[in-house]
Amino acid sequence: MATMPASASDLLKSFKLKTKQQELLIRVSILCLVYILAFITRLFSVLRYESMIHEFDPYFNYRTTLYLTENGFYDFWNWFDYESWYPLGRIVGGTLYPGLMVTAVLIYRILRFLRFAVHIREVCVLTAPFFASNTTLVAYFFGKEIWDSGAGLVAAILIAVCPGYISRSVAGSYDNEGVAIFALLFTFYVFVKAVNTGSLAWSLASAFGYFYMVSAWGGYVFIINLIPLYVLVLLITGRYSMRLYVAYNCMYILGMLLAMQIRFVGFQHVQSGEHMAAMGVFFLMQVFYFLDWVKHMLSDTKLFQAFLRITVTSAVAVGGIALGLGMVSGYISPWTGRFYSLLDPTYAKDHIPIIASVSEHQPTAWSSFMFDFHILLFLFPAGLYFCFKRLSDATIFIVMYGLTSMYFAGVMVRLILVATPAVCLISAIAVSATVKNLTVLLRSKNKVVQTGSTKGSGGSKSSSKALLDQSQPFQKNGAIALLFGAFYLLSRYATHCTWVTSEAYSSPSIVLAARGAHGNRVIFDDYREAYFWLRQNTPQDAKVMSWWDYGYQITAMGNRTVIVDNNTWNNTHIATVGRAMSSYEDEAIEIIRSLDVDYVLVVFGGVTGYSSDDINKFLWMVRIGGGVFPVIKEPDYLVNGEYRVDKGAAPKMLNCLMYKLCYYRFGEMMTEYGKPPGYDRARGVEIGNKDVKLEHLEEAFTTSNWIVRIYRVKPPNNRW
Amino acid sequence: MGISRFVLLVFTISMLASPALSDLVLSKVDRRIYLTSHIVRISSTLEVENAGPETVSKVLLAFPDLQAQNLAYLMASPHEAKAKVKVSVVSFPIDVVKPEDMPPGVTFYSVSLPQGLTVGASFTFDVLAVFTQALRPMPEQIGQADIQLVLYQDSAYYLSPYVVKVQSLSLKVPDSRIESYTTLQSTKVQGSEIKYGPYENLPAFSSSPITVHFENNLPFAIAQELVREIEISHWGNVLVTEHYKLIHGGAQSKGEFSRLEPQARENVQGPSAVRYLVAHLPPRAHSVYYRDAIGNISTSHLRGDSKKTELLIEPRYPMFGGWRTAFTIGYGLPLQDCLYESEGRRFLNITFSSPMIELVIDTLIVKVVLPEGSSDISVAAPFFMKQWQETKISHLDIVGRAVVVLEKTNLVPEHNQYFQVLFCSPCSIEKACTLVLAY
């Protein structure tokens, strides 16, 4: 009997972990929790709405994924899609980044193999949250690499809930960015690891990470420019080493070769202006290390100076001539408009209206920085300070990543996403370093207090410790207050992130939700109503004309051919549609007939007060149409420099096709109590032309809240 | 053209009519034709008398071929004074027969009486015949705001190979608005009912065509294809999934659509549109969902009590004539409500057809997914249908589950009867439960 408790306590003792093991256990459990948290916080959209694909581009991705599951990879690769860009069609296999679809199908196949009878839609919906979870792991390891495991943990937590990332990775947001941020961070992490270790294995891994990134998102251009820039900075600051040489060369050569396997990218790595920096740095590096080697071999400094001069001059000359010849002969394409618009924020506005018309391409407002980063915005400079204080190859990288991506985030709203991992990592360094300093202060003081009490005022203490002792009470309180402050800020961050996720970023934008008069939730499901009507009640080969925003949705949900869609590759075609929409009906019908259109679809928010409708997008139709066809002149639609729809509107505005289609029979409609019929709630005015007559088109369908209106093109009248 | 063909046919029949089977005499025929929905139900009470020298056990029913094509359901049962009571009706077996020396263009069904009719005896029984596509919209195309008028054709006299002594016919239309009807001698209209007869002592195969043209705004909902999947899970659930492909089979919609009118005057416009469908699900149905290829449809209501669960679903858009839609509804049922055990075999007892009320189904495919490893499978159904087996691989299956597939065409709500699938399960529920508990 007496031995029993003893053996039990032995057993307990054997379970007792050492401090290091305890720390590992805590770290692993925190990581597991963060992994789960990152996944479930992105499920708000499923709980609020349903398991569905969101927005515009994800519908194309979903449609292609469906095609890939049904027809296999080779058919997918060779797919010519005749259901979009009628009558041109689109070579899908050669004009998309297949990484996302292949990933989703791979997950789907694995689950199927494990006998989970899931639908491909569920896989697509949950791909982005799954990859967000994986990103937190990468963030942990990255943080550990550049600072310590504490910073890694904080980085994982911050990135798990950061709204800037959640905005593009909620469940249902089945877009390239969802997997691309994972690929981006993974490539960077592995590359930094390769630079730190000089290991060929890590640089090989970074080449494959880069390959995955190239296959997933056009944002890979950021990697292929940032890494050479980083290498250049290291070379200039004299931090070059054999490790860097191995890492960059292996990553660049293999990454480039692998990237060429993606059809959409093809030979761009050697032919396009955006990729030339990487190549230039590659050659520069060879020259640099060659010179370094020569310097090492030659003992004579004077001889080396001469050799250096000759080599550098000839290398620069050869490089310059090669570049010049390439540019002149057209072998190397100049920078694209998109790239220019990144470097010069005003470029798109003046030259490419189609890029400027997209809301996510607008320059970022300060409020959205605050909205997406919250306290990280203040922690970011603090983190930079810590990085500069402990400069290493890794911290230089993260500083450069943070600064460049912050600049791009300022240029375009959507690029906040790219900046988010860097901001999270740098902020994590700030949080971790601060908290660590404070706790060290607290703990050491406790020790001092203890030692002080036991040993009294023993003379073995050094003078500095005595100094510490003197300032002890004040410092301790201060540290505690600062710690509480930090935790308060972090808790505010957590609440803010949750609130933003649930309120702002979880809406699928296909289904609109509003609060009713009694506080109840009202759902406007008009988009799907219209698309399903198209799918069921129009001929299989019907051609639908709409503004390009709805192209992907019409093909994916309505299963009908569209004239233009969100892949804005042909500006002229879009301008033709814009011209048709902004012409008088009898002129427009010529364009409509020439495009063989059967149905015209417009989105109209006048009844519900839905503001992102076609009337509010109309200025872009006029601008894009006018950019190609000079017959469309923007001033014709303007009154005192603004677009109006009421009585004071320009006559051309009141009679153009878009106006007629939106407001057909709207003049008889009472929208709001106490307002005249034909009161447009989206713009808050009574419309100017209530007697809209259509000659060549007839109303085929209007959804229950009038958000989508579909018109049938009447066959031409018999001549006699 | 349809009219003339029908008239021609009826005349041919009367020309060719020869008193062939004269052993039996129908001493009284009372026919009631219900035209109150898009399904036509003819309920007849026949009093048959044996005037011949021998005992007779079979009675022939005759339908012109044009009608017989659309005949979905035919049932004969002993006559009961209270027609409303439908409980425990024993129906008599009915076969299609081709007797000799009969005029062409007529299909015969032979009803086996429960016991032979002795000489001079008489017997009264009810016949219920249900027809689909018997109403023809006229005009065939209507605008969105117009009412729907339909045409119905039949014979005022009961078509029979026997001499009919006394007969009467009444047609019930949904509304008192009757555009036109054939007037014969002794025709009366009372509200929404048209009465023909009584007629006395008519020879065999006598007929007289009648045509009724009337307003019928009830939704003509037709499921062109319905696939029902019934999946048995021994974890305590029977999952029913129903994939509908629906069409509005009434007068085609023409002209311009307008959202303005239906919103301004709710009930006046688009009267024949299918706005909603009602399904009567079994009691204790749970986890009900309603969706289609592109996501959930939010317009549905579910009410439940201990007797039934009522599901009201609205299509994404009101369906006008000729419009289509497709959707899926699904629900779970507790296992103990559907699965029973007898003589060492399990059997599933569940309704065969759709729970939607007044829905015509062109093709119905029922797939019963049995638990993995089920063997010795057989089906007991109240009527004949095509039947084969498949395999389905579902969650965590290794070899796949046995699926019994049943197919039948042209169904009406009367087909919604219980059927049984019997099978031997590889391990009992108790074993599975203990297995789970053990882990």
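This is a predicted model: local features need pLDDT of at least 70, side-chain atom pairs count only at pLDDT 80 or more; totals for chains, interfaces and linings use all residues.
Let me begin with the boundary between chain A and chain B, where 16 residue pairs, both members at pLDDT 80 or more, are in polar contact, a term that stands for a pair of N or O atoms within 3.5 Å, where within protein one must be able to donate a hydrogen and the other to accept it, and where residues adjacent in sequence count only if both atoms are side-chain atoms. Residues are numbered from 1 along each chain as its sequence is written, chains are lettered from A and ligands numbered from 1 in the order in which they are written, and side-chain values use heavy atoms, with hydrogens and water left out.

Staying with the two chains, the contact, meaning heavy atoms within 4.5 Å, draws 29 residues from chain A and 28 residues from chain B. The area buried between them is about 2600 Å², with 51% of it from carbon and sulfur atoms; buried area here is the accessible area (1.4 Å probe) that two parts lose on being put together, summed over both. On the chain A side, Arg115(A), Phe532(A) and Arg665(A) lose the most area to chain B, and together they make up 24% of what that side buries.

The rule also finds two salt bridges across this interface, a salt bridge being a side-chain nitrogen of Lys or Arg within 4 Å of a carboxyl oxygen of Asp or Glu. In one salt bridge Glu529(A) is paired with Arg259(B), and their closest N and O atoms are 2.9 Å apart. As for the elements involved, α26 (526–537) and β12 (697–702) of chain A each supply at least two residues of the side that touches chain B, and α26(A) gives the largest share, seven residues. Helices (H or I, at least four residues) and strands (E, at least two) are DSSP runs, numbered from the N terminus. By class, that side of chain A has twelve nonpolar, five polar and twelve charged residues.

Now to chain B itself, which is divided into domain 1 (24–215) and domain 2 (221–258 + 269–432), with bounds from an automatic or database domain assignment. Taken over C-alpha atoms, the centres of these two domains are separated by 32 Å, and their contact takes 24 residues from domain 1 and 26 residues from domain 2. Between them the domains of chain B bury about 2000 Å², 52% of it on carbon and sulfur atoms, and His38(B), Tyr73(B) and Gln144(B) supply 32% of the area that domain 1 buries against domain 2, more than any other three residues.

Two salt bridges cross this domain interface as well, and Arg41(B) forms a salt bridge with Glu358(B), the closest N and O atoms lying 3.0 Å apart.

Finally, what does the structure hold in salt bridges over all chains? The count is 48. Within chain A, the side chains of Glu177(A) and Arg414(A) meet in a salt bridge at 3.2 Å, N to O, and this pair links distant parts of the chain, with Glu177(A) in helix α10 (residues 176–197) and Arg414(A) in the loop between α22 (393–411) and α23 (416–455), 237 residues apart.

How values were computed:
Ala, Val, Leu, Ile, Met, Phe, Trp, Tyr, Cys and Pro count as nonpolar, Asp, Glu, Lys and Arg as charged, and the others, Gly among them, as polar.
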